[in-house]
Amino acid sequence: MAEQATSEVQHTEQMSFVRKYIFSVDHKVIGKQYLFLSLFMALVAGTMAYYVRWQLAWPETAVPGAGWIPEPTAFSGIIPPEFYNALVTMHGTIMVFFVGMPLLLGAFGNYLLPLMVGARDMAFPRLNMMSFWTIFTASLCMIASFFVEGGSAAAGWTGYAPLSADPIYTGVTWGLNLWIIGLALEFTSFLMGGINFLTTTVTMRAPGMTMLRLPLMVWMQITAAVLFMLSVGPLVAGAILLLLDRTVGTGFFLPGKGGDPLLWQHLFWFFGHPEVYVVLLPGIGAVMEILPVFSRKPIFGYRTIIWSTMVAGVLSFLVWAHHMYVSGMDPNLVMPFSITTILISVPFAVIIFAFMATLWGGSIEFKTPMLYAIGTVTTFIIGGVTGIFNGSPPVDIFIHDTYFVVSHFHFTLFPSVFLGGFAALYFWFPKMFGKMMNETLGKIHFWWTMICFNLVFIPMFVLGMGGHMRRIYNPMQYDFLKPMQGINQFITYSAILLLLGQIPFIVNFFWSMFGGKKAGDNPWNANTLEWATTTPVPHENFDTIPTVYHGPYDYSLPNQNEDWQPQHLEKEPAAVA
Amino acid sequence: MFDWFPKNISTFGGDIDYVFKLIFYIVGIGFLLGELAILFFVVQFRRRDGQKAKYISGDKWPQLGWILIPTVLVLFLDLWIDFAGAKAYDAVKGEMPVHDVIVEVSSKQYNWIITYPGPDGVFATADDITKENDLHVPVNKVIKVVLKSQDVIHSFFVPVLRLKQDILPGRTTDVWFEATETGKYEIACAELCGYGHYTMRGFLHIHSEEEYAAWLAQIWPAE
Amino acid sequence: MSGASTVTEYQATHTVPGRMGVWWFLASEIMVFGGFLAVYILYRMASHGAWAAMAEHVSAPIGTFNTVVLLTSSLTMVKAFEAVDKDARDKARNYLLITVLLGVAFLCVKGFEYSHEISMGFTPLSGSFWSFYYVLTGLHGLHVLAGIIANFCLYIMAVRGTLWSKNCQGRVEFAGLYWHLVDVIWIFLFPLLYLSY
Ligand code: HEA
Ligand code: HEA
Ligand code: CUA
Ligand SMILES: [Cu+2]
């Protein structure tokens, strides 16, 4: 093996730039490619959020920084309603599918999974490369859709039929087709990724790495992959049917031609609800790695967390109709779905309580990743408990499709994608790029982001309680919303600040990458295998594949000199006091 | 706190607001306790010199009790919320009471077409009257609204009634309400239905008995 | 990279990664077709018999014939795999070729069916049943085509002899698993589309 490894190393050195950094089959390079893609898309979707917010606060005035958009998409910065709908749709789509998933699963899953299980690469490196280039193409489709005639998809990120099923209803032609094709490609990409995640974890673990010695991040990644694979199939079918409705002229979702518009919603949400956990799990998976390291304590209830995740995963397939309480589906089905929905808070309560118990009795150090991890937990609780309001059918009659729901899902998605994502990035950056990130800038970034995030989204609950509908271009149209316009403006100010708050991050990210302090192999004194190899990580990850002797979270074992116990080292004999 | 709600003028709106408040207090207390606990732990167990963290794996039952007992409480609260919700839901969407007045609301991009059946109380007869965007009904009467859509999905939303119902093309959906106060209120469309979605605004006129009679007499003078 | 169709020395388990990967791929395929079939069945039930009149126009005998063709091809695929296992190279090669030819035969018959139906005026736009008929059989046909291409590549490799290298051993098995799935999907489509009016 060793011989083969060296020959491969030499081989790599001769590889051309293109093979090494562009069409690379190395999971580490692919992970970074996903990272850059998702950060770029975050910038795109964040800018869209800014346009949306401006329009909501000062309707039909020119948006500063939108003057470059040519007519008829916008008129010297003034956004017309068609474009507004497209912005909202694409903001949601890109944030969920092209930021959330590529960042949490694509970047961190790909980068960490083989390292954490102690493998030299993914099981199918070439498939892995294909999965990146597939989502890359998908992103191009999404971006291209803005430049085709008729503009991009404008039927909401949920694409409800029949609005989406016939171009006459929105005036969007190829934009929406590209949206469907882009989504289908994205799904394909993550199906390929999922096959890799599962196969690698099941078959490629290092000696001694039993399933119950896997870091929780790995468990979260593979659970997410399974949820995704089992839920997306019907929606792929639905997407094909929708595309045929639009292009060939069939009528699968058009009632005039014998189709059923409700069916799309069932297909979308059968996937859509597991999907939100696909985004959530890797996000809190990062938290599960970070909390123990910075409180120098084992994660509380390792097995219990795994079980709870599985229970939540199973339940997630039985709740989808909670998005459809007022859709006109059979009212007798509403209560059963409501019960499963509200019960899903039980496994999540276990996980949240386990996080708290992990903090208890710890020796907590507030490095930036830890701040972000704690921030993720504290804000996700708000998102979680507001899900209970939505889950109660009578309450949902009133708050459905209002800003209450908008705020709920930002309070769940933002913590997992951005707070969890930042936690992960600050934590694993030293391994990925061989440099430490700047702590001061990191802390400024954290507090700025946390405070502004709450200032943006907490007032949205108030709007929702006031009955403020979502996806409306101009709230001033309604008398009952006019008194709340001040809140809308406040939110927009905060959102602009939130966006500006990312500047310290961008500075920190690039500055550290090139000029940061050199990172050691294991700057945080962590146990898991990705820290057992050298920094920068060599080709094929480990010089020799480590043998694993115990679980990932043995911090502060009694009777030991060190407060950590790497997975690949045997326990030292009890220290003589 | 709850002043932010639009005022409620329907018979079942109170039930809905009640469940909202119930959930608010339940999860609000849970939320506060949780956040305070985290804050306390974070402050209390911050790193100090010479102090080592405790080794607690949480894999044994006595330790797990610390998180499982509160979880049982959550389960119990969940069931409470479920039952309260079921009751209120039944009041809104359960058996529809016998109606006094019936109207048809048909939605299309981007208008509400409201059809009154006329004195004979039957649709599709000569005395039907169709109006755009103005829905006139009497107070303290059970109103049945027959919802239809001519193109895409719209959603009939009257904030003051706490009433919202998506309207699927190709089907009819019935809803009902009984208003307890007179006045002129806004009807909104709550489901994205195209670029004019935000303009799809109508008015609900709730008349006192005399006013309503006068309105009827004005439209069907022959009577 | 170390071939994914063999067990490598540093693996924790003795599962061949390739086999697991194929199974997961098949699982996601099943979810896609499961979605299609569920939609089809729901619509058909909601149509209250209105589809039966349309379904009468598909030809059950041709469908049955094609079912037999596809089932036989699954059998020959099993034989090919058996032969690979026993290192009976000529046999394996021939069985692969037969499988490919049977697949092609299936597609030819299907093409003939399509042209006949279209000439009778039944296009994908002639009503919900026909829309489903063309989408389901069309998608299945694409899967058959993909399988034919995969099997044909294996056949070429068998002819050239590259199939017998250590790295490629699992491939006939994997292609076989896929081919069986395509067959199983047809087993569902056949009664649902051809027999249930
Ligand atoms: C990461 C994403 C994410 C996550 C994790 C969740 C989690 C949950 N969501 Fe959310 N949701 C979305 C993303 C997410 N959601 C999105 C994107 C939409 C809108 C889509 C659209 O329409 O555009 C949506 C919409 C949505 C609706 C539809 C609303 C509507 O359209 O009218 C509902 C209804 O039931 C709902 C419920 C829930 C519930 C019950 C949970 C639960 O999983 C939450 C469980 C967690 C907790 C409860 C917190 C931990 C528990 C405790 C601290 C104990 C204390 C708790 C109690 C006493 C109860 N969500
Ligand atoms: C992960 C998901 C996610 C995230 C993070 C966000 C983030 C934000 N969202 Fe979004 N939103 C959705 C998912 C998300 N949203 C979805 C699914 C919808 C529904 C769409 C629909 O109705 O169809 C929606 C809808 C939605 C609406 C409702 C519009 C309407 O109904 O009319 C609004 C309105 O205020 C809004 C605002 C915002 C704001 C201000 C942010 C801010 O938090 C944004 C802040 C931006 C950033 C933090 C990005 C910063 C950039 C970087 C970090 C990159 C750094 C770059 C380099 C290093 C190169 N969003
Ligand atoms: Cu009609 Cu929105
Ligand atoms: Cu959901």
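Start by selecting α13(A), the element that gives the most to the shell around ligand 1, with seven residues. Helices like this one are DSSP runs (H or I, at least four residues), strands are runs of E with at least two residues, and both are numbered from the N terminus. You are looking at a predicted model, where local features need pLDDT of at least 70 and side-chain atom pairs count only at pLDDT 80 or more, while totals for chains, interfaces and linings use all residues. Residues are numbered from 1 along each chain as its sequence is written, chains are lettered from A and ligands numbered from 1 in the order in which they are written, and side-chain values use heavy atoms, with hydrogens and water left out.

**Stop 1: the ligand**

Now show the 30 residues around ligand 1; a residue belongs here if one of its heavy atoms lies within 4 Å of the ligand. Tyr277(A), Asp396(A), His400(A), His408(A) and Arg470(A) come nearest. Colour the shell by class and you will find 16 nonpolar, eleven polar and three charged residues. In this scheme Ala, Val, Leu, Ile, Met, Phe, Trp, Tyr, Cys and Pro are nonpolar, Asp, Glu, Lys and Arg are charged, and the others, Gly among them, are polar.

Which chains surround ligand 1? Residues from both A and B do, so the site is shared between chains.

Next, zoom in on three side chains that each have a polar atom by an oxygen atom of ligand 1: Asp396(A) at 2.5 Å, His400(A) at 2.7 Å and His322(A) at 3.4 Å. Among the elements giving two or more residues to this shell are α9 (261-295) of chain A and α2 (61-93) of chain B.

**Stop 2: where the chains meet**

Select both sides of the interface: 77 residues of chain B are in contact (heavy atoms within 4.5 Å) with 94 residues of chain A. About 7600 Å² is buried between them, and carbon and sulfur atoms give 70% of that. Buried area is the accessible area (1.4 Å probe) that two parts lose on being put together, summed over both. In chain B, click on Arg47(B), Tyr89(B) and Tyr198(B), which lose the most area to chain A, together 11% of what that side buries.

**Stop 3: a salt bridge**

How many salt bridges does the rule find across the interface of chain B and chain A? There are four, each a side-chain nitrogen of Lys or Arg within 4 Å of a carboxyl oxygen of Asp or Glu. To see one, pick Arg471(A) and Glu191(B), whose closest N and O atoms are 3.9 Å apart.

Definitions and conventions: A polar contact is a pair of N or O atoms within 3.5 Å; within protein, one must be able to donate a hydrogen and the other to accept it, and residues adjacent in sequence count only if both atoms are side-chain atoms.
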